[in-house]
Amino acid sequence: METPENQNSTSFFQSNTAKMIMVGLLTLFLLIPLEFVKNLITERSQRQEEVITEINDKWGESVFFYGPILKVPYNFYEETVSMNEKTKETVKQRKLHTKYAYFFPEELKAKSNVTTKVLNRNNYESVVFSSKMNFEGRYIHPDFSSKNIVNEDIQWDKATIIIRTTNLKSIKDEVKINFANTNFTFEPVYDSDSKDSTEALETAYIDLGKILNQGKMNFRFDITYNGSQQIKMVPIGKTTQLNMQSNWASPSFTGNFLPDDKTKQITATGFVSNWKILHINRAFSQQTFNNLPDLSQYAFGVDFVIPIDQYQQNIRASKYGFLVIGLTFLIFFLIQSISKIKIHIFQYSMIGLALIMFYTLLISITEHSSFMKAYIIAGIAVITLTTLYSVSILKNKKFPLFIAASLGSLYTFLYVIIQLENYALIVGSIGLFAILAAVMYFSRKIDWNSGNS
């Protein structure tokens, strides 16, 4: 004969409360294999980044550019005072040094035609581009008066023009500048005084004195890059204008300045954008002495990257794994409570593992196809498996069909959220509110105080 204590113990373990606790603990336990799946996706994503880096190193890296800059040397005298030990007289010495002044263009106009393509390696892909950039503009007479430098100390015949840029190894043609109707060729030079990560191109000596007498200081030049991921330039002109055209349909405008909204056009076949930046829009002057400052903070341009790649989508999908498992278990628990059908914790475990298999199927199929196709195939496979298994558990067709419809709606809802960027939060919040309302409606008549399910 059972004692009252044994009856109470048996009654508790058969109660809805005990079953809810066990299902909840199982849900938490399934986070362990789900975390392994997330780590697998992260590992594959890191491998993709390594492959992209290898592709970009061989094709060409991101492009950062500013120039052309007029570089004029001048004499600087350093006076030192010393004491003669024997005569005890003060001796003044004047030492000559050469320093440099840098002058930016009065007007700078640039056009960039960027042709992009996707390079594939095994299951990975990277966006690369070829960019032909055309520049023209003019300088005004260099002004040394702010430093009280007299004309006799200016080395006009040793002036040069420099360009600071990255990705020198991917410049495809010789770079020449037509300055005052004379062509000058740029050569790479080492600059130990550089304050940024750029490299320098510099012309041979230019006799600026003769050019100043002619009164024409116009220039134009072309430069062609192979690059990847990004193009940025610094608006060093007193007035800087850039027109960029590309076949890339998903540009991400970056940096300190955005293009003009009135003339910007983005279509399925590419984009056209225009910038106009004045010297009052940035906090540096049109001339600098001694060293060029780091001007990268004033750069602007375009990122050429895939907005949401397959691994980002998989990572976003896996973040909803806990929600999918929890809601699916909740559906089975409500069916169990309403229909009085007993579902063993082992059967819950099999259903949970099937739901986790969705993400391994998704990542493996995505690497050989598109994310949408992979999502559909993985979703159909898991829904079919769960539905057929629930037929054997629930012993009828009505509840399994409801489960199939619920899982189909849930996966569709999550796919929509994954694809959205700006509206993902509001759509997700509304969807979760609707799910909560449905759970409250279907669970309203369950007797939670009942000792038996």
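Biologist: Taking axes as lines fitted to C-alpha atoms, for helices over the stretch in contact, with angles running from 0 to 180 degrees between N-to-C directions, at what angle do H7 and H8 pack?

Modeller: In this predicted model, where local features need pLDDT of at least 70 and side-chain atom pairs count only at pLDDT 80 or more, totals for chains, interfaces and linings use all residues. Residues are numbered from 1 along each chain as its sequence is written, and side-chain values use heavy atoms, with hydrogens and water left out. H7 and helix H8 (residues 371-394) pack at about 165°, and their axes are 8 Å apart. That makes H7 roughly antiparallel to H8, a label for angles over 145 degrees, while under 35 is roughly parallel, 65 to 115 roughly perpendicular and the rest oblique.

Biologist: What counts as a helix or a strand here?

Modeller: Both are DSSP runs numbered from the N terminus, helices being H or I with at least four residues and strands being E with at least two.

Biologist: At what angle do H6 and H7 pack?

Modeller: H6 packs with helix H7 (residues 345-366) at an angle of about 150°, with axes 10 Å apart, and H6 and H7 are therefore roughly antiparallel to each other. The crossing of H6 and H7 is right-handed. Among the residues that meet are Val324, Phe329 and Gln336 in H6 and Tyr348, Gly352 and Tyr359 in H7, and by class the contact of H6 with H7 has ten nonpolar, four polar and no charged residues.

Biologist: How do the axes of H5 and H9 cross?

Modeller: The axes of helix H5 (residues 310-318) and H9 cross at roughly 130° and come within 10 Å, and that makes H5 oblique to H9. H5 passes H9 in a right-handed crossing. Gln313, Arg316 and Ala317 of H5 and Ile417, Ile418 and Gln419 of H9 make the contact, which by class has three nonpolar, two polar and one charged residues.

Biologist: Changing topic, what volume has the largest pocket?

Modeller: Its volume is about 540 Å³, and of its 20 lining residues, Ile331, Phe402, Ser406, Ala438 and Phe442 lie nearest the centre. Helix H6 (321-339), helix H9 (398-419) and helix H10 (424-442) are the elements that give two or more residues to the lining of the largest pocket, and H9 gives the most, with eight. By class, that lining has 15 nonpolar, four polar and one charged residues.

Biologist: How do you define a pocket and a cavity?

Modeller: On a 1 Å grid over the protein atoms alone, a cavity is a set of points where a 1.4 Å probe fits but cannot get out, a pocket is an open set with protein on both sides within 12 Å along at least five of seven lines, and lining residues have an atom within 4 Å of a point. Points are joined across faces, edges and corners, and a volume is the space filled by probe spheres set on them.

Biologist: Which residues line the largest cavity?

Modeller: They are Met133, Ile231, Lys232, Met233, Leu242, Met244, Phe300 and Gly301, around about 30 Å³ of space. S10 gives the most to this lining, with three residues.

Biologist: Last one: which peptide bond is cis?

Modeller: The bond from Gly67 to Pro68 is cis, with omega near 0°, and Pro68 is in strand S1 (residues 63-83). Asn181, although not a glycine, has a positive phi of about 65°, and lies in the loop between strand S6 (176-179) and strand S7 (182-185).

Methods. Nonpolar A, V, L, I, M, F, W, Y, C, P; charged D, E, K, R; others polar. Left-handed = near helix turned anticlockwise from the far one by under 90°. Contact = heavy atoms within 4.5 Å.
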